[in-house]
Amino acid sequence: MRQNYNYSMNFTRLSANLMLAVIVSIFARPQAALAEDALPAPAAQVSAYQLILAMNTLRVSYGLPALIEDPIINAVAQNTAQIMAANSMSWHIGDVRGRIAAAGYGNGGTVWATENFAVSHGGMGIDEIMAVWADPDHMRPAVTPEYCNVGAGVATVGGKTYYVLQAAYVSGQECGSYASTPGSGSASGTSVSPISQLIVPVQIATPDAEGKIYHVVKSGQSFWAIAVAYQVTIQDIETWNNITRDTPLQSGQRLFIPSKNTQGFATPTPRGMVVTQLPDADGRIVHVVQPYQSLTTISEAYRVSVNRILELNGLQADWPLQIEQKLVISPGNITPSPTLSNIQKLTPEADGNYYHIVQSGETLSWIAGLYDVPLSDLMNWNGLGAASVIIPNQKLLLRVTPPATATKTPAPATMTLTPSPSAISTLVTETPTAEVAPVEESSSGSELGLIFGIAVILIGGLLWWWRRTHRIQ
């Protein structure tokens with residue numbers, strides 16, 4: 001009997017475990033995984049060193065010596081980029097010379113400094129960054145002889161990348177005579193590289209017999225230096241030579257340089273040149289920012305002040321422009337609302353008269369001037385004399401008839417010149433419609449009941465068979 005009892009207990013446990021396994025398998029069935037959209041691989045990030053190299057290339061092209069990379073300025077620029085990225089700032093922190101001096105640059109001397117920054121979602125190429133810095137204010141590091149040292153930093157937070165470049169000099173000290181303490185920090189976290197000083201100016205090659213231009217690379221020349229010299233972009237050089245900027249240029253390498261005469265090449269807008277846009281049907285003008293354009297060049301092209309462009313677009317003077325950014329140049333044919341007089345702003349009371357409620361500090365002469373009525377009339381309407389005193393909340397009668405409110409009069413129709421079809425083409429873009437996959441109704445409820453019922457019948461049958469074959473005598 002003891003043996004049969006053990007058999008009974010073991011079988012009961014086996015049955016319970018079997019039932020538990022069936023239930024768990026029902027509820028733990030793997031669900032169909034939702035495929036996540038694959039994110040594109042991030043583009044190669046522009047480094048702090050590349051910012052310095054690009055600015056020095058511009059500086060050398062203006063006949064000035066390259067700026068000397070400084071570890072303290074590197075550290076301050078990197079810290080600035082991190083702070084701006086963490087706070088999603090769209091303006092300068094301010095007092096760049098004070099921050100650089102406080103970090104130890106200049107050894108207590110009078111420091112002068114300037115700062116450039118650019119911000120982008122998803123990153124920018126060096127072409128785009130330098131185009132943002134193409135206006136006179138951001139070109140100071142490239143064209144101001146006094147600047148001596150340079151530093152840069154790059155930081156990304158939440159997909160937004162900030163690029164910062166700072167240039168500085170110590171008043172009264174000859175460039176090169178001062179050096180920051182080694183180990184003070186750098187944009188890359190390593191010692192300062194002297195390679196930024198090795199910049200070879202690019203000499204423009206002459207076209208060959210077929211009018212084609214080929215540039216022979218010299219030692220020390222970079223993609224950016226060649227692009228600047230020929231007024232093309234790095235991407236143009238890559239495309240027309242089937243190369244990539246990730247592969248260093250070799251001395252003696254022959255590069256084809258596209259020009260306006262090259263078939264299939266779209267000549268980039270030269271620096272300082274802006275192609276103005278025509279007004280739309282409502283007279284509204286919107287300009288799309290292109291590389292090498294700035295607020296100054298855009299305002300000069302449209303003959304509109306910089307302040308007017310800032311006002312129309314809600315911008316500030318130190319906010320950098322972005323390539324493809326849209327700027328409202330003219331709001332169009334907007335009829336301004338008529339200005340109401342002070343009388344027109346009043347509402348007549350039940351008796352049809354207008355009243356003024358005296359406020360603290362008001363006088364009879366001031367009130368008469370407010371409504372452009374004679375003081376004597378105002379006093380007569382209210383039975384007042386020269387010795388009368390008015391008090392706050394006192395109601396004064398105004399026996400006036402307000403002038404009629406000006407109504408908007410449609411402007412006379414004017415002839416609008418319609419550009420020929422060959423001059424302007426309309427680009428029609430179809431927006432693909434996102435298709436939503438149908439959602440199949442789940443049949444997990446019916447499947448669960450069927451499997452559970454089969455499991456109960458199976459376990460019950462096994463229990464009946466075991467008890468019959470192991471019946472206690």
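Strand β1 pairs with strand β3 (residues 149-157) in the parallel sense, over 2 bridges. E69 has V150 of β3 as its bridge partner. The model is predicted: local features need pLDDT of at least 70 and side-chain atom pairs pLDDT 80 or more, while totals for chains, interfaces and linings use all residues. Residues are numbered from 1 along each chain as its sequence is written, and side-chain values use heavy atoms, without hydrogens and water.

**Sheet**
- The open sheet has 4 strands in the order β1-β3-β4-β2, with mixed pairing; two strands pair if DSSP finds at least two bridges between them.
- β1 (68-69) and β2 (111-121) are at the edges with a single partner strand each, so one side of each lacks a neighbour in the sheet.
- Helices (H or I, at least four residues) and strands (E, at least two) are DSSP runs numbered from the N terminus.

**Helices across the sheet**
- Helix α2 (residues 48-61) lies across β1, β2, β3 and β4 (160-170), at about 140° to β3.
- Helix α3 (residues 71-86) lies across β1, β2, β3 and β4, at about 25° to β3.
- Axes are lines fitted to C-alpha atoms, for helices over the stretch in contact, with angles from 0 to 180 degrees between N-to-C directions.

**Helix pair α2 and α7**
- The axes of α2 and helix α7 (residues 223-230) come within 9 Å and cross at roughly 40°.
- A54, T57 and L58 of α2 and W224, A225 and V228 of α7 make the contact (heavy atoms within 4.5 Å).
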